[in-house]
Amino acid sequence: MNKVGTEEEITTLMLPERVDSATSASVEALMLGALRPHARVIVDGSAVIYMSAAGVRVMAVVLHRAVERSARIVFCSFSGPAADCLLVSGFSQLLDVAESTEEAVLRLRPKLTGSN
């Protein structure tokens, strides 16, 4: 798990293969560390092969803190059992979940308003 980088002030975080009781504290710390006021964050779940209820709890905490800090967070690239865990728990309806990092970036970029 690491911070991949920033693009146009969008921070991308890569989650580890397992988001469970053994890793949830470090995953939570990484994600909360990126949530400064008005931040735009992508959480890339492409490496996640297992997520437990502890992992889902982390997502809930991060979602709550993002709202408190007026930050936007998009989760992306979850598949297999990790995606199923988010779906079954109902969190896939609460989280902004994109299919890919490219889609997540598009969702987080400021919308340009045109003037005619």
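Q: Why is E9 called exposed?
A: Happy to start there, with the reminder that this is a predicted model. The relative accessible area of E9 is 56%.

Q: What makes R36 and E9 a salt bridge?
A: Their closest N and O atoms are 3.9 Å apart. The cut-off is within 4 Å, so the pair qualifies. The two residues sit 27 residues apart, R36 in the loop between α1 (24-33) and β4 (40-44) and E9 in the loop between β1 (2-7) and β2 (10-14), and the pair links distant parts of the chain.

Q: Why does R36 count as partly exposed?
A: R36 has 37% relative accessibility. Buried would need under 20% and exposed over 50%, so R36 falls in between.

Q: How do you know that R65 and E68 form a salt bridge, and where do they lie?
A: The N to O distance is 3.7 Å, and the limit is within 4 Å, so the contact counts. Both residues belong to helix α2 (residues 53-68), three residues apart, about one turn of the helix. As for R65, its relative accessibility of 29% makes it partly exposed.

Q: What makes R72 and D96 a pair that ties together separate parts of the sequence?
A: The salt bridge itself has its closest N and O atoms 3.9 Å apart. R72 is in strand β6 (residues 72-76), while D96 is in the loop between α4 (91-94) and β7 (97-98), so the bridge joins parts 24 residues apart in sequence. Both partners are partly exposed: R72 has a relative accessible area of 38%, and D96 has 27% relative accessibility.

Q: Which residues are linked with R72 and D96 in a network of salt bridges?
A: E103 and R107 are linked with them.

Q: Why is β4 called mostly covered?
A: Five of its five residues are buried, and buried means under 20% relative accessible area. The cover is on both faces: R40, I42 and D44 lie on one side, V41 and V43 on the other, all buried. In a regular strand, side chains alternate between the two faces of the sheet.

Q: How do you know that β4 pairs with β2 and with β6?
A: Pairing needs at least two bridges. Five bridges join β2 to β4, and five join β4 to β6, so both pairings hold. β2 and β4 run parallel, and β4 and β6 run parallel as well. Among the bridge partners are T11 with V41 in β4 and D44 with C76 in β6.

How values were computed:
Residues are numbered from 1 along each chain as its sequence is written. This is a predicted model: local features need pLDDT of at least 70, side-chain atom pairs count only at pLDDT 80 or more; totals for chains, interfaces and linings use all residues. Side-chain values use heavy atoms; hydrogens and water are left out. A salt bridge is a side-chain nitrogen of Lys or Arg within 4 Å of a carboxyl oxygen of Asp or Glu. Helices (H or I, at least four residues) and strands (E, at least two) are DSSP runs, numbered from the N terminus. Buried means under 20% relative accessible area, exposed over 50%, partly exposed in between (1.4 Å probe, protein chains only).
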